[in-house]
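Subject: Structure handover

Hello,

The structure we spoke about is below, with the sequence. My notes on what was found follow it.

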Amino acid sequence: MDGTFSRNELYWGKDFQKHLFGLKIAVFGLGGVGGFALEALARAGVGHFLIVDFDTVSKSNINRQLIALNSTAGKKKTEVFKERLLDINPDIQVQVYDGFFSKEVAPKVFSGNFTLNSVDFIVDAIDTVKSKIELIKLAKENGIKIVSSLGAGNRMDATKLFVADISEIKALGGAKDSFVKNVLNKLKKYAETEEGLTVVSSSEKAHNERKISTLETVDTGNGKSVEYTKFTPASTPVVPAVAGYLMANHILKSCYNNFLNLKS
């Protein structure tokens with residue numbers, strides 16, 4: 001390398017830096033949370049990414065999303081992020097799935113250099129309940145490590161965010177809005193997800209000045225379209241970014257500890 005990651009190496013050494021470059025991480029959802037998680041992992045030196053999102057950059061993203069600028073409005077998030085990642089590190093390998101995730105398209109998403117058995121970690125920053133549940137279930141069934149975002153919307157106090165096992169979320173006050181409650185209720189039917197799933201959530205009470213819902217239709221990439229009701233949460237500049245950084249931090253700590261254990 002040309003010194004890009006020299007400051008990283010001063011902390012964790014050249015061997016772990018090389019290890020990071022070999023990791024394969026899939027990031028689902030490139031919005032306020034997933035975008036910051038992705039960038040932090042790229043700047044750490046992770047060398048292989050699968051990035052998944054169906055959306056384009058909009059004006060309403062500019063208050064909180066890393067790639068959202070007036071100059072990028074209207075562009076596909078996957079395309080903008082791929083260009084940005086390669087600008088951070090030209091040696092990064094980026095595989096893109098520009099579409100809506102569902103269990104039906106999972107074979108298309110996890111293909112090529114990113115088969116299910118090759119992924120080291122998944123970042124779940126999906127904001128639709130059905131897709132989130134299906135991704136979590138897929139990860140658990142295939143033994144893939146995953147960290148899931150639950151509760152960055154409708155908040156403004158980043159100090160209330162926490163990282164915990166899903167079994168602890170209620171005790172820590174992280175089930176205070178309808179989205180999180182909905183996810184938890186739907187996960188109850190899968191015994192394997194009652195614990196052993198790391199989440200980033202918030203103990204802050206959710207707040208929204210008014211409720212906005214729209215009927216959306218997206219192409220599943222499987223020859224079908226899905227119609228769903230999209231509820232637009234309030235979203236402030238700091239909380240999503242910090243949630244994304246906490247997700248990246250969890251992954252880096254987990255990989256570093258595993259690396260040290262293998263060496264000892």
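Ser131 counts as buried because its relative accessibility is 3%, buried meaning under 20% relative accessible area, exposed over 50% and partly exposed in between, with a 1.4 Å probe and protein chains only. Ser131 sits in helix α5. Not counting residues up to four places away in sequence, Ser131 touches Phe100, Phe101 and Ile126, where contact means heavy atoms within 4.5 Å.

This is a predicted model, in which local features need pLDDT of at least 70 and side-chain atom pairs count only at pLDDT 80 or more, while totals for chains, interfaces and linings use all residues. Residues are numbered from 1 along each chain as its sequence is written, and side-chain values use heavy atoms, with hydrogens and water left out.

Now the sheet. Seven strands form an open sheet with mixed pairing, in the order β3-β2-β1-β4-β5-β7-β6. Its edge strands, each pairing on one side only, are β3 (93-97) and β6 (161-165). From one strand to the next, the twist averages 20°. Helices (H or I, at least four residues) and strands (E, at least two) are DSSP runs, numbered from the N terminus; two strands pair if DSSP finds at least two bridges between them.

Helix α5 (residues 129-141) packs on this sheet and touches β1, β4 (121-124) and β5 (146-150). The direction of α5 makes about 160° with that of β5; axes are lines fitted to C-alpha atoms, for helices over the stretch in contact, and angles run from 0 to 180 degrees between N-to-C directions.

Strands β1 (residues 24-28) and β2 (residues 48-52) run parallel and are joined by five bridges. Val27 has Ile51 as its bridge partner in β2. β2 and β3 also run parallel, with five bridges between them, and His48 stands opposite Gln93 in β3. Together with helix α3 (residues 77-88), β2 and β3 make a right-handed β-α-β unit. Right-handed here means that, with the strands pointing away from the viewer, the path from the first strand over the helix to the second runs clockwise.

The last item is Ala125, in the loop between β4 and α5. Ala125 counts as buried because its relative accessibility is 15%. Leaving aside neighbours within four places in sequence, Ala125 is in contact with Phe28, Gly29, Val33, Gly34 and Ser149. Ala125 and Gly32 are 93 residues apart in sequence, and their C-alpha atoms are 8.7 Å apart in space.

Regards
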